[in-house]
Amino acid sequence: QVTPMPLTVTADSGSKVYDGTALTKNSYTTSTDPAAGDTLASVTVTGNQKDVGSSDNVASDAKLMRGDRNVTANYAITYEKGTLAVTPLTDTVTVTITGNKSTVTYNGAEQSVTGYKVESISNPLYTAADFAFSGTASVTGTDAGTYMMGLTATQFENISQNFTNVKFAVTDGELTINPMALTITAGSDSKAYDGTPLTCGEFDSTTPAEGDTVASVTLTGSQTNVGSSDNVASGAKLVRGDRDVTANYAIEYVNGKLTVTK
């Protein structure tokens, strides 16, 4: 009785730092040499590990030959697994993020800006899918002024096991609402001299935002004798319901004329 010869084939192990490509190790070792005249012609080794972690490297399907004759059946083959291990990248990765900005003109309605841009990432292996955002990338405002979005680096978190040192450089987003231009023109008037002062309490204005009204304007001007002088508008007050919205306007005043003839 001739018993098969024991032979152990062990897949090699390997390791590397994460680089975005799969780690493979298509080599193996044997516990002993085959019988004299036999050769280990081939072994299939399968296994790969791309992300941080470890997995088996598996040897199988060994083929032994004596010349051109397959003698694999003469061996009691045992296969041992190897290990493929990928460790995290510890180099610093910097992600530069800028909140969106918008500049608009007051129109009486709520206005907003949302979102942010990933301006750059220092390592091309790192992508936007590798971090999470826990904040609210939006800001709204109605009145003239500047409203900050409130983006901070602490709202961004690395969620990739392949990187251990990720830093976020964040510039906040903002909404700027500029005042709406409004022109108020003092009224003009004329009359023949009658010994009493000529005044005019009327004015015209361009159209304010929908829902706002020009509640009052101060008009100062008086002409008694023959001649002319300015009728001056100032101190306009605009309201929305019972709320003073004057600060939402960049008001330009144009003088009128008061003229007394002979």
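Leaving out neighbours within four places in sequence, Asn 123 is in contact (heavy atoms within 4.5 Å) with Leu 89, Val 93 and Phe 163. Asn 123 sits in the loop between strand 12 (116-121) and strand 13 (131-133); strands here are DSSP E runs of at least two residues, numbered from the N terminus. Its relative accessible area is 16%, so Asn 123 is buried. Buried means under 20% relative accessible area, exposed over 50%, and partly exposed in between, with a 1.4 Å probe and protein chains only.

This is a predicted model: local features need pLDDT of at least 70, side-chain atom pairs count only at pLDDT 80 or more, and totals for chains, interfaces and linings use all residues. Residues are numbered from 1 along each chain as its sequence is written, and side-chain values use heavy atoms, with hydrogens and water left out.

Now the aromatics. Rings of Phe, Tyr and Trp (its six-membered ring) pair if their centres lie within 6.5 Å; planes under 30 degrees apart are stacked, over 60 edge-to-face, and the rest tilted. That rule gives nine aromatic pairs.

Tyr 116 in strand 12 and Phe 156 in strand 16 (residues 156-158) are 40 residues apart. Phe 133 lies in strand 13, so its pair with Phe 156 ties together parts 23 residues apart in sequence. Phe 156 is buried at 5% relative accessibility, while Tyr 116 is partly exposed at 26% and Phe 133 is partly exposed at 25%. Tyr 116, Phe 133 and Phe 156 belong to one aromatic cluster that also includes Phe 131 and Phe 168.

Technical notes: Helix = DSSP H or I, 4+ residues; strand = E, 2+ residues; numbered from the N terminus.
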